[in-house]
Amino acid sequence: MSDDDLRYEETPFLGGLYDPEILKKGRKEFVLKDEDVVAVTFPKSGTNWLIEILCLIHSKGDTKWIQSVPIWERSPWIESQPGFVAEGPRFLTSHLPIHLFPTSFFNSKAKVIQYVIRNPKDVIVSTYFFCNSVKLAKRPKSVEECLEGFLEEAGPYGSWFERCQAMLRTSEGEQTIRKVYDSQKKDTERSVEKICRFLGKKVEPEELSLILKNSSFEIMKENKMSNYSMLGDVYLLQKNPLMRKGVTGDWKNYFTVAQAEAFDKLFQERMADLPRELFPWE
Ligand code: PPS
């Protein structure tokens, strides 16, 4: 977090990106519609991958939309002005914790895909590299610095542990499903099929193949409408800040044994009451 960062209702936000008035208005006035589909994620957990998959399910694998409209316009952020004026098909995105979510959600039938879970050690590494690729964030000097913020539960968008607990307390049903980055990486086809069933969308086998191909890391990395390179020099320190490696277990290349042990100790304390199989990573 930098001095310019914003704290709203106890939750830290990257200051350059958010306006407290919009956050307040979002909670009270944002009207979620029954037909909306919302991706609610913790940062660096595969948000944009999920959006790309949703857009491709909508277009049945056709790439016209994803190659002509920036990803943040295809699925605007609820916590931003463009989210307010978005028109259909309404895919929306949010990093908001549930207590800051629009209250209208609780009286709507909007469908929510919660995508908070990714091995948190990989989230830390991804955060480190992302913050060093963009101008909006304070640049951490090391993975250690990001790890410390994470363990103090003081990083942007609040405590991962609290988010994860809240998500896992929400049961899956007609209105909500949960996704895990690591499982999706292992079996992307199964994961996309689960999303299709949840949305009530039937896709033919050849459409499914196109969805899988066109949402792959390699294709997304080259799509300027999806890889954030369009933000340009005003916002970026590196050309392609989002699509870094897209793998699981990269933390092993950056964590020392002592750091991994410190992390695992806190993880076990904070998640002691939850079954280990909910966290399918090494
Ligand atoms: S953000 O900025 O918080 O919205 O970032 P987010 O999109 O949540 O997460 C970025 C990480 O997701 C990886 N990514 C992918 N992995 C696999 N397949 C696809 N298609 C894909 N698209 C994005 C991206 O590479 C970031 O992870 P790291 O570990 O940094 O590579």
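Four bridges tie strand S5 (residues 111–117) to S6, and the two run parallel. Here strands are DSSP runs of E with at least two residues, helices are runs of H or I with at least four, and both are numbered from the N terminus; two strands pair if DSSP finds at least two bridges between them. Within this pair, Ile117 sits opposite Val180 of S6. The model is a predicted one, in which local features need pLDDT of at least 70 and side-chain atom pairs count only at pLDDT 80 or more, while totals for chains, interfaces and linings use all residues. Residues are numbered from 1 along each chain as its sequence is written, and side-chain values use heavy atoms, with hydrogens and water left out.

S5 and S6 belong to an open sheet of four strands, ordered S4-S3-S5-S6, with parallel pairing. Strand S4 (91–94) and strand S6 (176–180) are the edges, each pairing on one side only. On average, neighbouring strands of the sheet are turned by 20° against each other, direction ignored. Axes are lines fitted to C-alpha atoms, for helices over the stretch in contact, and angles run from 0 to 180 degrees between N-to-C directions.

Helix H9 (residues 188–199) lies across S3, S5 and S6, at about 170° to S6.

H2 shows up again around the ligand, where it gives the largest share of the shell, three residues. Of the 20 residues around the ligand, Thr47, Ser126, Tyr181, Lys245 and Gly246 come nearest; a residue is near if one of its heavy atoms lies within 4 Å. As for ligand oxygens, one lies 3.0 Å from a polar side-chain atom of Arg118, and one is 3.1 Å from a polar backbone atom of Gly46.

Note on methods
Contact = heavy atoms within 4.5 Å. Polar contact = N/O pair within 3.5 Å; in protein donor to acceptor, adjacent residues only side chain to side chain.
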